[in-house]
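Here are a few notes to read with the model open beside you. Take the points one at a time and find each residue as you go.

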Amino acid sequence: EDAMENSQKVFACVVAHSWPQLRTDMEESARELTPWVAEFEIERPDGERRWLRSQSRPFRAEGGHTVWD
(Lines give C-alpha, C1' and ligand atoms only; values in the text may rest on other atoms or scores of the structure.)
Protein backbone atom coordinates (compact mmCIF):
# COMPACT_ATOMS: atom_id res chain seq x y z
CA GLU A 1 0.00 0.00 0.00
CA ASP A 2 2.78 2.41 0.94
CA ALA A 3 4.57 1.49 -2.29
CA MET A 4 1.50 2.35 -4.35
CA GLU A 5 1.48 5.83 -2.82
CA ASN A 6 5.20 6.49 -3.29
CA SER A 7 6.95 4.62 -6.09
CA GLN A 8 10.27 6.28 -5.20
CA LYS A 9 10.39 4.18 -2.03
CA VAL A 10 10.21 1.05 -4.16
CA PHE A 11 12.74 2.26 -6.73
CA ALA A 12 15.19 3.08 -3.94
CA CYS A 13 15.13 -0.63 -3.00
CA VAL A 14 15.68 -2.05 -6.51
CA VAL A 15 18.77 -4.26 -6.61
CA ALA A 16 21.48 -3.38 -9.12
CA HIS A 17 20.99 -6.30 -11.50
CA SER A 18 17.33 -5.31 -12.06
CA TRP A 19 18.03 -1.71 -13.11
CA PRO A 20 19.14 -2.14 -16.75
CA GLN A 21 15.96 -3.93 -17.87
CA LEU A 22 13.75 -1.79 -15.66
CA ARG A 23 15.20 1.39 -17.15
CA THR A 24 14.89 0.07 -20.71
CA ASP A 25 11.26 -0.93 -20.18
CA MET A 26 10.37 2.44 -18.65
CA GLU A 27 12.07 4.38 -21.46
CA GLU A 28 10.19 2.36 -24.08
CA SER A 29 6.88 2.85 -22.27
CA ALA A 30 7.47 6.61 -22.08
CA ARG A 31 8.51 6.86 -25.73
CA GLU A 32 5.71 4.72 -27.16
CA LEU A 33 3.03 5.45 -24.52
CA THR A 34 2.52 1.72 -24.10
CA PRO A 35 1.66 -0.03 -20.84
CA TRP A 36 4.65 -0.61 -18.59
CA VAL A 37 4.88 -4.11 -17.12
CA ALA A 38 7.98 -5.17 -15.21
CA GLU A 39 9.27 -7.80 -12.83
CA PHE A 40 12.22 -6.78 -10.70
CA GLU A 41 13.96 -7.63 -7.46
CA ILE A 42 14.06 -5.36 -4.42
CA GLU A 43 15.87 -5.53 -1.12
CA ARG A 44 13.75 -4.46 1.83
CA PRO A 45 15.22 -2.41 4.70
CA ASP A 46 15.38 -5.59 6.78
CA GLY A 47 17.59 -7.23 4.11
CA GLU A 48 14.93 -9.57 2.73
CA ARG A 49 14.82 -9.77 -1.05
CA ARG A 50 11.58 -10.07 -2.99
CA TRP A 51 10.50 -10.07 -6.60
CA LEU A 52 7.81 -7.56 -7.53
CA ARG A 53 5.60 -7.27 -10.57
CA SER A 54 4.42 -3.80 -11.46
CA GLN A 55 2.27 -2.37 -14.22
CA SER A 56 1.13 1.09 -15.17
CA ARG A 57 -0.21 3.12 -18.08
CA PRO A 58 1.64 6.23 -19.23
CA PHE A 59 0.18 9.48 -20.47
CA ARG A 60 1.58 12.85 -21.49
CA ALA A 61 1.06 15.57 -18.91
CA GLU A 62 1.06 19.29 -19.50
CA GLY A 63 4.56 20.33 -20.42
CA GLY A 64 5.15 17.10 -22.33
CA HIS A 65 6.58 14.92 -19.55
CA THR A 66 5.38 11.35 -19.05
CA VAL A 67 3.34 10.33 -16.01
CA TRP A 68 2.26 6.80 -15.18
CA ASP A 69 -1.04 6.07 -13.44
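Predicted model: local features only at pLDDT ≥ 70, side-chain atom pairs only at ≥ 80, totals over all residues.

1. Start with Gly63, which sits in the loop between strand E3 (58-60) and strand E4 (66-68). Helices (H or I, at least four residues) and strands (E, at least two) are DSSP runs, numbered from the N terminus. Gly63 counts as exposed because its relative accessibility is 86%; the cut-offs are under 20% relative accessible area for buried, over 50% for exposed, and partly exposed in between (1.4 Å probe, protein chains only).

2. Residues are numbered from 1 along each chain as its sequence is written, and side-chain values use heavy atoms, leaving out hydrogens and water.

3. How many salt bridges does a search of the whole structure find? It finds eight, a salt bridge being a side-chain nitrogen of Lys or Arg within 4 Å of a carboxyl oxygen of Asp or Glu.

4. One of them joins Glu39 to Arg53, with the closest N and O atoms 3.9 Å apart. Glu39 is in strand E1 (residues 36-43) and Arg53 in strand E2 (residues 49-56), so this pair ties together parts 14 residues apart in sequence. Both Glu39 and Arg53 are exposed.

5. Now look at Arg44, Asp46, Glu48 and Arg50, linked in a network of salt bridges. Glu48 pairs with Arg44 (3.7 Å, N to O) and with Arg50 (3.1 Å, N to O). Glu48 is partly exposed at 34%.
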